[in-house]
Amino acid sequence: MKTVNQMRLSFPSKSRNEAFARGAVSAFITALDPTVSELNDLKTAVSEAVTNCIVHGYRRKNGTIYIYASVREDNTVTVKIRDKGVGIEDIEQAMQPLFTTSPEEERAGLGFAVMQSFCDKVRVKSAPGKGTTVTLIKKIGADE
Amino acid sequence: MLKTEFNNNTLTVYLDGEIDHDSACKIRQRIDCSARSLCPRLLCMNFEKVSFMDSSGVGLVMGRYRQMKLLGGSLRVTNVPDRIYRIFAMSGLEELGVLR
């Protein structure tokens, strides 16, 4: 199916950019006339993925986060969030609800569970030492 | 970002705006600082004016739950908007009996 729109973003892995990232993705899909709940779902999922890049991918050190978002003819939105950080050794374990490597930071370990619950599909590609790409897919207008 | 109120041994925190990993760190510091100096019997977190929350909010609540236990008090979470409740429901927080 044809891609009708796309955008790219890159920004430093600072926690103040979490709000910017979800706001930018949300502005990008506004033209698709999403419901309040669809918009909130995608914003929440993006926020989780970007936080993962900052806290886990780059372990709070400086790095760059890349977002690529695209819209297909059928209003399916794909958002790829990528870091070039440490990567994930065991993706299955990382995706387990309540699993976290940062309990001292009060991370609840719910990031992937929230992404999965708020999107239609979530894909994770990662290699230790190379980084992680999370792909969020959500169809806008499926609610009605 | 947040208003607090203290009476009858209850510290009420009115959360406001967006709760993410960035703001949760600051909110946590503010609440813990007040709780340590006032030693309330009950900490009440009011979510009525929260417009956005990701799972950082769950960490914030769980952390305050533990903190209040250490201080010999308890926690209550109130006025949670529906779209935010969904994340709390996923977290198992319901079983702690703090949600109202």
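Residues are numbered from 1 along each chain as its sequence is written, while chains are lettered from A and ligands numbered from 1 in the order in which they are written. As the model is predicted, local features need pLDDT of at least 70 and side-chain atom pairs count only at pLDDT 80 or more, though totals for chains, interfaces and linings use all residues.

On confidence, the predictor gives the complex an ipTM of 0.92 and a pTM of 0.94. Chain B has an average pLDDT of 93, with 99% of its residues scoring at least 70; pLDDT is the predictor's confidence in each residue, from 0 to 100. Elements here are DSSP runs numbered from the N terminus: helices are H or I with at least four residues, and strands are E with at least two.

Now for the sheet in chain A. Five strands make up an open, antiparallel sheet in the order β1-β2-β3-β5-β4; two strands pair if DSSP finds at least two bridges between them. The edges are taken by β1 (3–12) and β4 (121–127) of chain A, each with a single partner strand, so one side of each has no neighbour in the sheet. Neighbouring strands are turned by 10 degrees against each other on average, direction ignored (axes are lines fitted to C-alpha atoms, for helices over the stretch in contact, and angles run from 0 to 180 degrees between N-to-C directions). Strands β2 (residues 64–72) and β3 (residues 76–83) of chain A are joined by seven bridges, and Val71(A) has Val77(A) as its bridge partner in β3(A). Helix α1 (residues 17–29) of chain A lies across β1, β2 and β3 of that chain, at about 170 degrees to β1(A).

Next comes helix α4 (residues 111–118) of chain A. Six of its eight residues are buried, so the helix is largely enclosed by the rest of the structure. A residue is buried if 20 or more other C-beta atoms lie within 10 Å of its own, exposed if 12 or fewer, and partly exposed in between, with C-beta atoms placed from the backbone. Leaving aside neighbours within four places in sequence, Met115(A) is in contact with Ala45(A), Glu48(A), Ala49(A), Val122(A) and Leu136(A).

As for the two chains together, 18 residues of chain B are in contact with 20 residues of chain A, contact being C-beta atoms, placed from the backbone, within 7 Å. On the chain B side, α2(B) gives the most, with six residues.

Finally, two loop residues other than glycine have a positive phi. Arg60(A), with phi near 70 degrees, lies between α2 (36–57) and β2 of chain A and counts as partly exposed, with 14 C-beta neighbours inside 10 Å. Cys39(B), with phi near 45 degrees, sits between α1 and β3 (42–53) of chain B and is exposed, with 12 other C-beta atoms within 10 Å.
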